[in-house]
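Work through the exercises below with the model open. Each task is followed by a solution in steps.

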Amino acid sequence: MSKLVFLERRFKYLLIKLLRLKDHSHKVALGFSLGSVVNFVPTFGLGLIISVGLAKLCKGNSIAGLIGGMFFMWAFPLMFYLNTVVGGYIFPIDLDQTLLQNADKNLDNRLELGAKVGKNFLTGMFLNSFLFGSILYIVSYYIINQYRGFLLHYIYKKWIVKKHTKKTDN
C-alpha cells in the first residue's frame, strides 16, 4: 500500500471516528482542540497520553482528545518553529550577534542566552496554544454541531479511497 493511500485511509478513519462519537458537541470539540494543542508542547513521546489526560481533566471527550493529538502530530516541527517565531516577535533577540559575542565568554553568559531563548519559546508556546486552541474549538464545535450528519454521510458513502492492488509480473 502506498504511503499516500495509507494516510488518506487513516485520515478518513479518524474523521469518521470523531464524527461518530456519541457525546455533546461541546465535549467533542473541547477534547479535540485540547488534544490538538498538545502538539505545540515538546512532550518527548508522551503527546497522545497527555492529549487524553488533558481532555479528561477539562471534562472534554477523551477519544476526541486522542484523535486531536493524532490529527496534528505531523505538524509538530512546524508548531515548534512557530513557537520560536512568535516568541521572537514579543521578546526580540538578535541570535547571530548574541551567539558571536558569547562564544568565548563564561558559563553565566551562555546560561543567560539559554534563558532568553527559552523565554521566547515558552511565550510563543502559550500564545500559539491559546489562539490555535480557541480557534479550533470554535470551528470544530460549529462543524460538529451543524454538519455532523451531513459529513458522516458524505465521508461514508461518497468519499472513496482507492484500494491497493498488488502488481504481479507475468
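**Exercises on helix 4 and its neighbours**

Helix 3 and helix 4 pack at an angle of about 145°, with their axes 8 Å apart. The model is a predicted one.

**Exercise 1.** Find which residues of helix 3 and helix 4 meet, and state the handedness of the crossing.

Solution.
- Step 1: the crossing of these two helices is right-handed.
- Step 2: on the helix 3 side, the residues are Leu48, Ser51, Val52, Ala55 and Lys56.
- Step 3: they meet Ser62, Gly65, Leu66, Gly69 and Met70 of helix 4.
- Step 4: sorted by type, the residues of this contact are five nonpolar, four polar and one charged.

**Exercise 2.** Describe how helix 2 packs with helix 4.

Solution.
- Step 1: helix 2 (residues 25-37) and helix 4 (residues 62-71) have axes 6 Å apart, at an angle of about 40°.
- Step 2: helix 2 passes helix 4 in a right-handed crossing.
- Step 3: helix 2 contributes Val28, Gly31, Phe32, Gly35 and Ser36 to the contact, and helix 4 contributes Ala64, Gly65, Ile67, Gly68, Gly69 and Phe71.
- Step 4: the contact residues divide into five nonpolar, six polar and no charged.

**Exercise 3.** Explain why helix 4 counts as largely enclosed.

Solution.
- Step 1: take buried as under 20% relative accessible area.
- Step 2: the buried residues of helix 4 are Ser62, Ala64, Gly65, Ile67, Gly68, Gly69 and Phe71.
- Step 3: seven of the 10 residues of helix 4 are therefore buried, so the rest of the structure largely encloses this helix.
- Step 4: the cover over these buried residues includes helix 1 (3-19), helix 2 and helix 3 (47-57).

Definitions and conventions. Residues numbered from 1 in each chain as written. Predicted model: local features only at pLDDT ≥ 70, side-chain atom pairs only at ≥ 80, totals over all residues. Heavy atoms only, no water. Axes fitted to C-alpha atoms, helices over the stretch in contact; angles between N-to-C directions. Helix = DSSP H or I, 4+ residues; strand = E, 2+ residues; numbered from the N terminus. Left-handed = near helix turned anticlockwise from the far one by under 90°. Contact = heavy atoms within 4.5 Å. Nonpolar A, V, L, I, M, F, W, Y, C, P; charged D, E, K, R; others polar. Buried < 20%, exposed > 50% of the residue type's maximum accessible area, 1.4 Å probe, protein only.
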